Structures are given as structure tokens and as C-alpha cells.
Amino acid sequence: MTDESVTVYSVYMNRHSWISLSQSDPRALYLQVIEQIQRRVAVGDLPPGTELPSIRQLAADLSVSVITIKRAYLELEREGTITTRQGKGSVVADRPGLQSSMAQRELDEHMNQAARLGILLGLSKSEMQRRIAEAYEKSQRKRK
Amino acid sequence: MSAVLDPPLGAIAAASLRGVSKTYRHFHLRDIDLEFATGTVNGLIGPNGAGKSTIMRIMMGLVRPDRGTVAMLGRPASSSESSAKREIGYFSEDMRLYKAETIAFHMQFVRSLFPDWDERYAEELLDRFGLIAKQKIKGLSQGQRVKALLLLVLARRPKLLILDEPTNGLDPVAKQEVLSELMQTVKDEARTIVYSSHHTQDIEQICDTITFVDRGRVIASDDRDGFLNGWRRFRLQAPGSWVPPQIAGLRAEASFGNLRVMTIDRYRPDVEEQLEASGATLEGSEAMTLEEIFLATVTRGREECRR
């Protein structure tokens, strides 16, 4: 089972190399789709007005369920990254990412989880702040 | 149900079973109610002998149920109308091919019976599945035989595909080729797939709705996200005197000293708070894989039967 899961998406990935899904990533597949589309939009690979493949087309290209892609598109639409017109398909929105509520919510969840673990380990509030600052600087260095 | 299927992917049912029962000497299929919406991929998961194949044979009109009704593409399953059968494709491992004949012979044979046969698509599938038309059936590996059978079904371009364990015994590459091809067919939203497997991972990957079957019963049926979002596992520290709060669907799975493992099948975001308010300390809260959800559902179902 485990060794199969690694190969699952590698075989047919080349059809749509701009999205690659991983089953070893514990996050739900739809979140991976959202994140990768957001990133492509953020770096300018998908400028405003770019047509996205239809839900069924992308599901077929990635060999994942229609419901997964549908959910991803719905969330992207809700947070303003894409707009969907009945019968015309989805395009990248004019001013994407104005409020990326999705990512905000995810951050809140991670923060709550971190706080819970911190309390479990008996860390003080200032110790937690120090650790978050440290993690922040580390990630910033990596990005450069 | 999650909001994603609302409005549903397809409003019209491609297939439905109502109160279907069938009794054999050592096996009972009981009160099966299922509906498969047009344009969806639907997975049936169950252990061997759970009744998946019997359900599919009944849908194909190969087995007559003792009670209940079945409609396929709007017509009764038992109907001999060839037009209905023409639009339905069925795959089962025990389908026989002529060992001494070639794949090309079988393609020719099926084409002569089904006017909707798509020769160009058949050629494409040969190529994509890595099959050689001139090869004889007896020389094929298990995986090649399965792919040849699927080719013969898919190239008929059926509106409804009933596939009984199509990935059984396939290596990871062949399996991925098959799953990918199935997803290609539902690019056309008029097409519907019902698909059985005991590999929960295949089902999790491509299915929109999932039905768990165990011991002749449907023990759970929901859309994919309904299962994955609805279930959650918690690890808690709680003293021996701790009484779990009354939360619908919350169940104790195991305890080791002060450590308790609980699962819930109707998760809401406030469950963690409720658990902590009851005097337990939450150590972890994690999502479950479809396999874990399936196992937990089977265990719960069997316990309820015993009561």
C-alpha cells in the first residue's frame, strides 16, 4: 500500500505539469489543488483572465474525483481568486487574492494547534512568541 | 452531506436500487437502497464476500432479486430491451475471452454486436494500454487481460459503466492507467461509473460518492468529502473516573491507562472544546484515511448487529 501511494500520481502527471498532487501529503487533495493554483496566480504564471480547464477536464488530467476539483474551484471562487460564469467556465479573477480567507483560516488552525501543543509542553506565552519568531525568520531565509 | 454536491452533480439517477433483497443458502443481500446520479463516479467498498458483486449482477439483470426494484438508465434492469443493454458496459474478472484468438478478433467481434463501437478510441486505448492487437489472449499477463477486457467495454462508449473490481491484481502502473482512463470517460458528464474495489485508495482517488458494503448490507453511503470531513480521531488524557461527554457519533476505541482513543463520525469544529470542557486533555486530533474510516464503520456496524 505504502509503496503504491508514492507512484500514484507520478505516471500521468506530465499531462498537466502545472499541478502535481501528492498522496503522502497529509492535506486533502482539494487543498493541494487550491494552494497550487493560488501560487501560480501569485507568481504571475496565470495572469488575470486566464481560462482554467473545466472541472471535468482537470479531474481527468489529474485522475482525481470530480468532487475534489469542484470543491477546489468553489473555494477559489469564494475567496476571489477565480470567477466562474455559467456555461463559460472559470477564469482567473481581475484582482485575485484580495482576501485569501482560505489561507487565513488555515493559518488560524495551525496557530490553534501550535498553541495547544505549547500548553501541553508547559511553554510560557513569551517562549511561544520566541519560537514563532524563530520559525518565521527561518522560513524567510529559506525563501531567499 | 457536504455542500459540494448541492446542487448535485447530476440531477437524474443513472441507476437506482430500491429495497433489493436476495437470499442464497449462505448469503443474504438485505434491503439495498442506492442511487447513482448521472455524471458521477461511485465506489462500492467492501471485504471479499460482502455482496458487491451480487449487487452489480443484479444491476445487470444477471441475477433476479427476490424483492425490490432496479432501474438502469430509467428502465427496469430485467428488461430485455437491447437498447438499454447497449448503453451499459459491464466488467467482471470472470468474463471469458477466447484463449486461442487475438485481441483484434475480440475487437471485431464486439464491434459486430455493438453499433456504437468507436474504432478510433479502441485504437487509442490499445496504444495507451500498451496492448498489441495481434497478440493471442493466452499469451497475455493478468494485467494485460484486464486491460483488454476494459478496452472491449470502454470502446463501446457506454453511458453507464458497471465495473466489478477492475483494478484487482494490477500493478501500480497498470492500475493508474486504468483509473486515468476511467476519469477520461467521465469528462462527458452524461456518463456514469459504478466501481467496486477493496482498495480504498483507488476509491478515495477517483470517486465522488462512496458506499460501504458489509455482510450483505449497505452500512454507509455518502459523498467522498462527507466521509473524509465527518470522521475524526482524538487522543486524550483522562482520569479513570472520566465520563465522555454526550456527543452524537462519539465512540471510545481504546484506552491504555489514562490515554483514551476516541473516534467520531459526525465531526463538528466544536467537538474538541466539548471534550476539553468535560475534563479531558486533548493530545491530538487527526483526520482519518478512507481505509481507517471503512474499518471503523465495519466494526461499528458489526457491533450494532450483535446487539
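Helices (H or I, at least four residues) and strands (E, at least two) are DSSP runs, numbered from the N terminus. This is a predicted model, in which local features need pLDDT of at least 70 and side-chain atom pairs count only at pLDDT 80 or more, while totals for chains, interfaces and linings use all residues. Residues are numbered from 1 along each chain as its sequence is written, and chains are lettered from A in the order in which they are written.

**Figure 1. Overall view of chain B.** Chain B holds 10 helices and 14 strands. Its C-alpha atoms fill a box of roughly 75 × 40 × 40 Å along the principal axes. Of the 307 residues in chain B, 53% are buried (under 20% relative accessible area, 1.4 Å probe, protein chains only).

**Figure 2. Open sheet of chain B.** Four strands of chain B are ordered β12-β13-β11-β14, with antiparallel pairing (two strands pair if DSSP finds at least two bridges between them). At the edges are β12 (250-256) and β14 (281-286) of chain B, each pairing on one side only. From one strand to the next, the twist averages 20° (axes are lines fitted to C-alpha atoms, for helices over the stretch in contact; angles run from 0 to 180 degrees between N-to-C directions).

**Figure 3. Pairing of β12(B) with β13(B), and the helix packed on the sheet.** β12(B) and β13 (residues 259-264) of chain B are antiparallel and share 6 bridges. R251(B) has T263(B) in β13(B) as its bridge partner. Helix α10 (residues 290-306) of chain B packs on the sheet and touches β11 (232-237), β12 and β13 of chain B (contact: heavy atoms within 4.5 Å). The direction of α10 makes about 100° with that of β12(B).

Methods. Side-chain values use heavy atoms; hydrogens and water are left out. Buried means under 20% relative accessible area, exposed over 50%, partly exposed in between (1.4 Å probe, protein chains only).
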